[in-house]
Amino acid sequence: MESMVKLINTFKDRRIIVTGHTGFKGSWLTLWLSMLGAKVTGVSLDPKDPLDAYYAMGIKNLSEDLRQDIREFKGLFDIINSTEPEIIFHLAAQPLVSQSYLQPLETLCTNIMGTANLLEACRLTPSVKTIIVITTDKCYENTGKHLPYNEDDRLGGEDPYSSSKAAAELVVNSYRKSFFNSADSPGIATARAGNIIGGGDWAENRIVPDCIRALKEGRQILIRNPASVRPWQYILEPLYGYIILAEKCFTNNKLFSEAWNFGPECNSVYNVWQLGEGIIKAWGSGTLVKSGEKQKIKEADYLSLNINKAKEMLGWTPVLTFQDSVGLTVDWYKAQAEGKDMLKFSIEQLENYMQLIQ
């Protein structure tokens with residue numbers, strides 16, 4: 001209870017901008033911040049699917065709901081300058097590896113220049129005290145080692161998405177060293193989360209929504225890369241990390257202005273086939289089939305994160321098992337398919353999770 005009280009004391013009535021609030025993670029983060037009493041302004045493009053978490057949860061009613069392309073500096077600056085936020089969570093991005101091969105320039109411009117535009121707007125807005133930039137575990141140069149990546153490992157990325165996120169990390173560090181380096185300048189941190197699953201994600205070419213679509217339509221689930229290992233985690237786990245990180249940066253900007261990994265324990269990573277099996281078990285029916293389609297894009301066969309730094313310095317730790325995460329995810333999609341009130345259902349999941357982290 002003490003941790004929640006501390007967060008409420010930090011975020012209640014605080015002016016906060018969430019970029020990418022119409023997306024999967026952004027919707028859940030906006031819901032959580034609104035429950036903490038924050039005054040949230042969302043800055044995003046339109047959501048893409050009428051089943052998305054944004055629509056299902058009624059996120060437009062929980063925030064000031066604005067549309068802005070982060071590649072356009074003036075519009076973004078005008079919003080930030082007029083809103084006078086104290087905390088910014090930057091989630092707006094092109095988030096898909098597969099899409100980055102189809103639209104590399106859009107991916108690079110959005111993820112690199114969009115981040116630069118945001119930081120420049122923050123530099124020119126005195127109200128900003130804390131900036132949390134969300135990147136990814138794929139920002140690390142993948143050496144093929146089957147070991148967890150640490151925050152000080154080399155950045156890289158062979159595909160346009162991964163390289164754009166690695167470059168965004170470099171942009172953040174440049175602004176941190178060049179412009180946000182005084183005692184009273186904003187705290188600026190990056191958060192590198194693993195593969196996030198949860199209700200309300202309907203993106204194309206993502207394993208969970210692809211599985212759910214197949215199950216709803218009575219089709220076999222085709223698995224393209226069954227042996228690929230990923231640090232799967234339920235969405236509320238990394239979001240709690242982002243929120244704690246923002247609270248720490250807000251109260252002690254310099255000590256926590258670094259990069260942070262958020263993922264499951266290193267001994268709790270599973271492959272794509274095991275995730276599919278878990279989804280079928282939780283759904284109650286379905287069949288997995290290995291796809292005969294040759295892989296068209298290059299992706300790492302193993303990803304894992306070392307989360308010791310976040311555990312030791314932030315006091316954050318994952319509390320859900322892989323099975324818990326899969327079960328909660330499928331529960332959400334089942335509830336949506338049954339026509340339940342998804343705002344109420346999502347709040348209940350959040351409240352139950354908050355009980356676990358007391």
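The second largest pocket holds about 300 Å³ of space. This is a predicted model, in which local features need pLDDT of at least 70, side-chain atom pairs count only at pLDDT 80 or more, and totals for chains, interfaces and linings use all residues. Residues are numbered from 1 along each chain as its sequence is written, and side-chain values use heavy atoms, without hydrogens and water.

**Pocket**

- A pocket is an open set of points on a 1 Å grid over the protein atoms alone, where a 1.4 Å probe fits, with protein on both sides within 12 Å along at least five of seven lines.
- Its volume is the space filled by probe spheres set on the points, which are joined across faces, edges and corners.
- The second largest pocket has 16 lining residues (an atom within 4 Å of a point).
- Asn 142, Glu 158, Asp 159, Glu 299 and Ala 300 lie nearest the centre of this pocket.
- Its lining has eight charged, five nonpolar and three polar residues (Ala, Val, Leu, Ile, Met, Phe, Trp, Tyr, Cys and Pro count as nonpolar; Asp, Glu, Lys and Arg as charged; the others, Gly among them, as polar).

**H12 with H13**

- Helices are DSSP runs (H or I, at least four residues), numbered from the N terminus.
- The axes of H12 (residues 322-337) and H13 (residues 342-356) come within 10 Å and cross at roughly 165° (lines fitted to C-alpha atoms over the stretch in contact; angles run from 0 to 180 degrees between N-to-C directions).
- H12 is therefore roughly antiparallel to H13 (over 145 degrees).
- Leu 328, Asp 331, Trp 332, Ala 335 and Gln 336 of H12 contact Met 342, Phe 345, Ser 346 and Gln 349 of H13 (heavy atoms within 4.5 Å).
- This contact of H12 with H13 has five nonpolar, three polar and one charged residues.

**H10 with H12**

- H10 (residues 272-283) packs on H12 at about 50°, with the axes 9 Å apart.
- From H10, Gln 274, Leu 275, Gly 278, Ile 279, Ala 282 and Trp 283 take part; from H12, Phe 322, Val 326, Gly 327, Val 330, Tyr 333 and Lys 334.
- Eight nonpolar, three polar and one charged residues make up the contact of H10 with H12.

**H2 with H9**

- H2 (residues 24-35) and H9 (residues 236-251) pack at about 60°, with their axes 10 Å apart.
- That angle makes H2 oblique to H9.
- Lys 25, Trp 28, Leu 29, Trp 32 and Leu 33 of H2 meet Leu 236, Leu 239, Tyr 240, Tyr 242 and Ile 243 of H9.
- The contact of H2 with H9 has nine nonpolar, no polar and one charged residues.

Key:
Helices (H or I, at least four residues) and strands (E, at least two) are DSSP runs, numbered from the N terminus. Angles under 35 degrees count as roughly parallel, over 145 as roughly antiparallel, 65 to 115 as roughly perpendicular and the rest as oblique.
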